[in-house]
Amino acid sequence: MDQPVQQAPNLKSYRSFGYLINFAIFVSLGYVNYGIIAAEFNSALSQAILSLSWPTEEIAIRESLTNSVITLGSVISIFISGVYMAKFSRRKQLIWADVMTIFGSLLTIISYFPVFMLGRTL
């Protein structure tokens with residue numbers, strides 16, 4: 001009778017499992033961070049409506065656009081930062097992201113709606 005050949009354990013599956021756990025943790029923390037940022041802005045949105053003097057008939061549309069444009073900026077930054085980090089270093093990419101965040105925050109001060117939305121996207 002032939003004895004069954006004993007195979008070595010597949011170490012790749014253990015590495016893949018660890019990768020999936022780390023991925024799930026980082027995605028969860030990203031969602032928590034996004035939720036905190038969205039909640040902070042939503043609590044200040046009523047004051048922003050007054051200071052930006054939005055027309056009353058467009059408040060609902062502008063409010064929803066203001067909240068959803070954050071997701072658009074996140075998707076765009078995912079693709080740009082990956083390419084930028086591969087080409088340059090992580091440190092330069094983080095500095096560039098901080099500069100863009102500061103610039104976007106400065107743009108949200110301007111009360112013109114398209115510029116305000118660009119600042120929210122950045």
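**Burial, fold and confidence**

Tutor: Of the 122 residues in the protein chain, 17% are buried, where buried means under 20% relative accessible area, exposed over 50% and partly exposed in between, with a 1.4 Å probe and protein chains only. This is a predicted model, in which local features need pLDDT of at least 70 and side-chain atom pairs count only at pLDDT 80 or more, while totals for chains, interfaces and linings use all residues. Residues are numbered from 1 along each chain as its sequence is written, and side-chain values use heavy atoms, with hydrogens and water left out.

Student: How many helices and strands does the protein chain have?

Tutor: There are four helices and zero strands, and from the N terminus the order is α-α-α-α. Helices (H or I, at least four residues) and strands (E, at least two) are DSSP runs, numbered from the N terminus.

Student: Where is confidence lowest, and where is it highest?

Tutor: H1 has the lowest confidence, with a mean of 73, and H3 has the highest, at 83. These values are pLDDT, the predictor's confidence in each residue, from 0 to 100. For the protein chain the mean pLDDT is 76, with 87% of residues reaching 70 or more.

Student: Okay, which residues form the largest nonpolar core?

Tutor: That core has 10 residues, namely Phe41, Leu45, Ala48, Ile49, Leu52, Trp54, Val69, Phe113, Phe116 and Met117. H1 and helix H4 (113-121) each supply at least two residues of this core, and the largest share, five residues, comes from H1. A nonpolar core here is a set of buried Ala, Val, Leu, Ile, Met, Phe, Trp, Tyr and Cys residues joined through side-chain atoms within 4.5 Å.

Student: And what is Trp54 in contact with, leaving aside neighbours within four places in sequence?

Tutor: With those neighbours set aside, Trp54 is in contact with Leu45, Ile49, Ile59, Arg62, Glu63, Thr66, Phe113 and Phe116, where contact means heavy atoms within 4.5 Å.

Student: What about Gln93, is it buried or exposed?

Tutor: Gln93 counts as buried because its relative accessible area is 10%. The residue lies in helix H3, residues 90-107, and, apart from neighbours within four places in sequence, Gln93 is in contact with Ser81, Tyr84 and Met85.

Student: Last one: where is Thr108?

Tutor: Thr108 is in the loop between H3 and H4, and at 24% relative accessibility Thr108 counts as partly exposed. Thr108 and Gly119 are 11 residues apart in sequence, yet their C-alpha atoms are 5.0 Å apart in space. Leaving aside neighbours within four places in sequence, Thr108 is in contact with Phe116, Gly119 and Arg120.
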